[in-house]
Amino acid sequence: MRLTLLIGLAALAAVLAVASLLAGEVWFSPGQVLRALTSSPPNLTRLVVLDIRLPRTLLALMIGAILGLSGAALQGLLRNPLAEPGLLGVSSGASLGAVIAIYYGFAGVVGWAAPVFALTGALITAGAALLLSRGGATLALILAGAAISAIAAAGIELALNFAPSPYAAYQITTWLMGSLADRNWDHVRLAAPFIVAGGVLLLLSARALDVLALGETQAESLGVDVGRTRLLILFGTALGVGGATAVAGAIGFVGLVAPHLVRPLVGHRPSRVLVPAALVGAVIVLLADIITRLVHIGPELKLGVLISLIGAPFFLWLVLHVQRRTAA
Amino acid sequence: MAQRRRRLVQAVAGPRLGMGMGLVALAGAALLAPQPAFARPLRVMSLNECADQLVMMLLPPAQIASVTWLSRDAETSQMWRTARRIPANHGLGEDVVRDQPDLVVAGSYTTPATRSLLKSLHYRLLVLPPAESFDDIRRTTMQVADAVGEPARGRALIAHLDQTLKALATDKGPPLRVAAWDSAGFSATPGSLYDTILRAAGANNVAASRTGLGASAPDVERLLALAPDVLVAGAPAFQRPGRHGELALHPLVRRYWSDRTVIAPLTAYTCGTPFSADAALSLRQQMRTIATKARTRLPYRADWQR
């Protein structure tokens, strides 16, 4: 059952990835793409598929996967269905870092400035949340994360408040909405190492997460180092989500929604949720990115906006559903 | 009076000197021209950057109580040199109370709170809509000129505008296919001042044909499909670090258009003034030069027609 689900999700992601290469300003047929890729003189179709749509597709896959994976890991770690990278301040820390890089012009001087700043921001907020909650229970970590997240959000607003020009403010605002438009191979090269490293760290925590589901005291008594697991998951989330935010801007709700979508199918063991959640995250972001290319109502519909538009009603349903289930 | 007007017209419209020189000449004329015998010289304050430009073109600095701090920025303000000799305000009601002007010129985007405050305090208030076309420019220029009691100077400025437009119209040349966007990432949408100036410069912005809720800069795919001869990028887009979208940085855009890109300064399209046609003139020269000099072959427009 689980294997068929995994294969099914992977196949769905693959189909969407191919569709993502065909969809856009001009639709290509698969035959057209094959001809273009095999014919020797460089042609426009090949240019568009290889240099514009392929990096974009890969980024959508990686970013969706890391968001889904980190959401699943955090929900397991905190034993809280509402956990996601945004809750612990990782997303807003990464956004603040990138905004500082853009705002003070570091991003234009060296290409890797925005990812490195975003990563640093994510690590600082995650680290601060971890330090502040040390010794306390999971709830302390969630509350510390919420507070840190608010501070980082205030920092972003401060940057907007004192933006050097209306144009700079506008650019920061649109960047924060999240998008994959016009990204190129440089972005893939920048984000991939961090996303892969973060993903590996998160997957390493799988066994500890299963034991943690029994409760922290029980896990300790079974020989799981809870502190180390926390560190692993927060560091992995900071690396992966930091890298993703740096190239795509803030994309929320994927981390929250993806684990909940797969849990009815794979059961509630945290380790079993991780990989399917990553695949569902990739599917969500790929699908949303294709939709943004098909909707032509004027300016580009931003990826982060579209996902929030779908994610927020789901969040609402989730809250009500959990309430009903706990009341019953 | 007639003699003064003739001198002004000469100073404003005389030999075509390019926009910067024209502005210096005008500022000089405004300074050197003998003051008319006002019973009480009107002190004018402006709360909007575009209104600032007109007020400074029409009045000597001594008669201007203050202009916005934005007008001191050489990047966006045509009259930044003059603005630096005039007190600055931040477009707030408190500034007006401090300066006690006889006339306040505001823009239609000046905060409603400030405008209603000024109305309730019975200040003489002139609200200017943004000028997006040359007709708008003529109208707003005369609105301010009449309000500050300088209709002759207003007419002289408009005469300069019309003369420059005539010069642009007589030398049509082949139309240029361009893709233009501003530094905020919006395309030069039809009906905007940016588009007006591009049209006067003989350019057709092929990237702005999309209808709907306004238009953003084209994405790389669209740019490749359209293959415009020249890219016109809003000023800081390519020059300033950190203030550009991904479009300007995309390797494909750099490969095909790095020697086909013209930077449109913010002064050219931020505010519509009697010198907007000069901006069009200089833009046209740049676009023509770059279009003839460009060596990079554009991507294969023919095999991918929509």
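The following exercises, each with a worked solution, concern a predicted model.

In this predicted model, local features need pLDDT of at least 70 and side-chain atom pairs count only at pLDDT 80 or more, whereas totals for chains, interfaces and linings use all residues. Residues are numbered from 1 along each chain as its sequence is written, chains are lettered from A and ligands numbered from 1 in the order in which they are written, and side-chain values use heavy atoms, with hydrogens and water left out.

**Exercise 1. Confidence**

Task: State what confidence the predictor assigns to the complex and to chain B.

Solution. The complex receives an ipTM of 0.71 and a pTM of 0.79.

**Exercise 2. The disulfide**

Task: Locate the disulfide and describe its geometry and the exposure of its cysteines.

Solution. The partners are B:Cys50 and B:Cys271, with sulfur atoms 2.0 Å apart. B:Cys50 belongs to helix H3 (residues 49-58) of chain B, while B:Cys271 lies in the loop between helix H14 (266-269) and helix H15 (276-293) of chain B, 221 residues apart. Helices (H or I, at least four residues) and strands (E, at least two) are DSSP runs, numbered from the N terminus. The link is left-handed, with -80° about the S-S bond.

Exposure is classed by relative accessible area: buried is under 20%, exposed over 50%, partly exposed in between (1.4 Å probe, protein chains only). B:Cys50 is partly exposed at 25%, and B:Cys271 is buried at 3%.

**Exercise 3. The sheet of chain B**

Task: Give the strand order of the sheet and the placement of helices H6 and H7.

Solution. The open sheet of chain B has 5 strands in the order S3-S2-S1-S4-S5, with parallel pairing; two strands pair if DSSP finds at least two bridges between them. Its edge strands are S3 (88-89) and S5 (125-128) of chain B. Strand S4 (residues 103-107) of chain B pairs with S5(B) over 4 bridges, and B:Ala106 stands opposite B:Val127 in S5(B).

Across S4 and S5 of chain B lies helix H6 (residues 112-120) of chain B, running at about 150° to S5(B). Helix H7 (residues 134-147) of chain B also lies across S4 and S5 of chain B, running at about 170° to S5(B). Axes are lines fitted to C-alpha atoms, for helices over the stretch in contact, and angles run from 0 to 180 degrees between N-to-C directions.

How values were computed: Disulfide = S-S within 2.5 Å. pLDDT = per-residue confidence, 0-100. Contact = heavy atoms within 4.5 Å.
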